[in-house]
Amino acid sequence: MPLWDRLRDLGLAGEEMKTERLSVDVSTQFTRVTTTVVLAGAGEEGRGEDVTYTAEDHDWFPEVPTGVTTLAEFSSALAGVELFRGEPKMEAYLDYRRWALESAALDLALRQNGLSLGAAVERAYRPVRFVVSTREDAFAWLTVAPELEFKLDPENDWDRPLMERLAATGRVRVLDFKAYYVGTPVDVVPDPVLYRAAVELFPEAVLEDASLDGECGAVLEGEEGRLSFDAPIHSVADLRALPVEPGWLNIKPSRFGTVARLLECIEHCDANGIRMYGGGQFELGVGRRHIQTLASLFYADGPNDVAPSEYNTGGPRAGLPQSPLPPPERAGL
């Protein structure tokens, strides 16, 4: 039975919704803001997190349908809801907000039915291997925690000696080239020299969101089994539309918007030999727990970019949780 079919008819009694704003000062130029959606009913609460990056987009939230009787009915009703007042800063934010509402409803439906997500889809939880995604000094992290694994973003100012030092650690599992980000602080202009060095020096690393155009694409010929995508993928249709068949996919639930689209993509990857790992969106609250739960069920052994939030809010230091994370033991998502 398809995964969504195991969930769609879960009874859901949503009676009211409230929101809780979270924020953390990342730098003098950037404050990370997210919103926790709390959907309540029948003495239970379900929570989801809106990871929209523009702070002012969190100033207004829609009213959501109440009184619906199943998870599928709630999802269908959301199709008619205006998610933002006006246009959000980025189109992808529509999926981010939809996911916050849908994940809150899924969490509530599971709790109202006394189920964990694993029990509902009849899958066992497993310990979650995680990597640390950092723009800090990876060598400093290894000094305090030598067993850490990393997802790093190669920059065009990386020289070959730096890349050789990083490769020599044997701890880099994913290189994220961010070629599909436009108009963000993390944009990286594709550089065939950088790509060539990465392919050569990190022969086992997953190569995420690399440009397939021009000289960069030529460098990647024959490396399809190591390619992974993230930013362009919001559905199975997007995955099928890629010009290559990647060996990997970064699963960020918020990019898919609906529970149904997320689960359809996970099943497509399983059926077509595409390995998966989880990705994060700098969640400040329950959304981080949700991506860890999904990783535990569906891709626990991947290089999951789902490290505990403590890794996002401070520099290299000892005493943080280490990989693997224990399986969750709770009802809900």
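Predicted model: local features only at pLDDT ≥ 70, side-chain atom pairs only at ≥ 80, totals over all residues.
Let me begin with aspartate 230 and arginine 255, whose side chains meet in a salt bridge at 2.7 Å, N to O, a salt bridge being a side-chain nitrogen of Lys or Arg within 4 Å of a carboxyl oxygen of Asp or Glu. Aspartate 230 lies in the loop between strand E8 (227-228) and helix H9 (236-240) and arginine 255 in helix H10 (residues 253-256), so the pair ties together parts that are 25 residues apart in sequence; helices (H or I, at least four residues) and strands (E, at least two) are DSSP runs, numbered from the N terminus. Aspartate 230 is buried, with a relative accessible area of 1%, and arginine 255 is buried at 4%, where buried means under 20% relative accessible area, exposed over 50% and partly exposed in between, with a 1.4 Å probe and protein chains only.

Residues are numbered from 1 along each chain as its sequence is written, and side-chain values use heavy atoms, with hydrogens and water left out.

A second salt bridge joins aspartate 95 and arginine 261, with the closest N and O atoms 3.0 Å apart. Here aspartate 95 belongs to helix H3 (residues 92-112) and arginine 261 to helix H11 (residues 259-271), so the pair ties together parts that are 166 residues apart in sequence. Aspartate 95 counts as buried at 16% relative accessibility, whereas arginine 261 is partly exposed at 27%.

In total, the structure holds 25 salt bridges.
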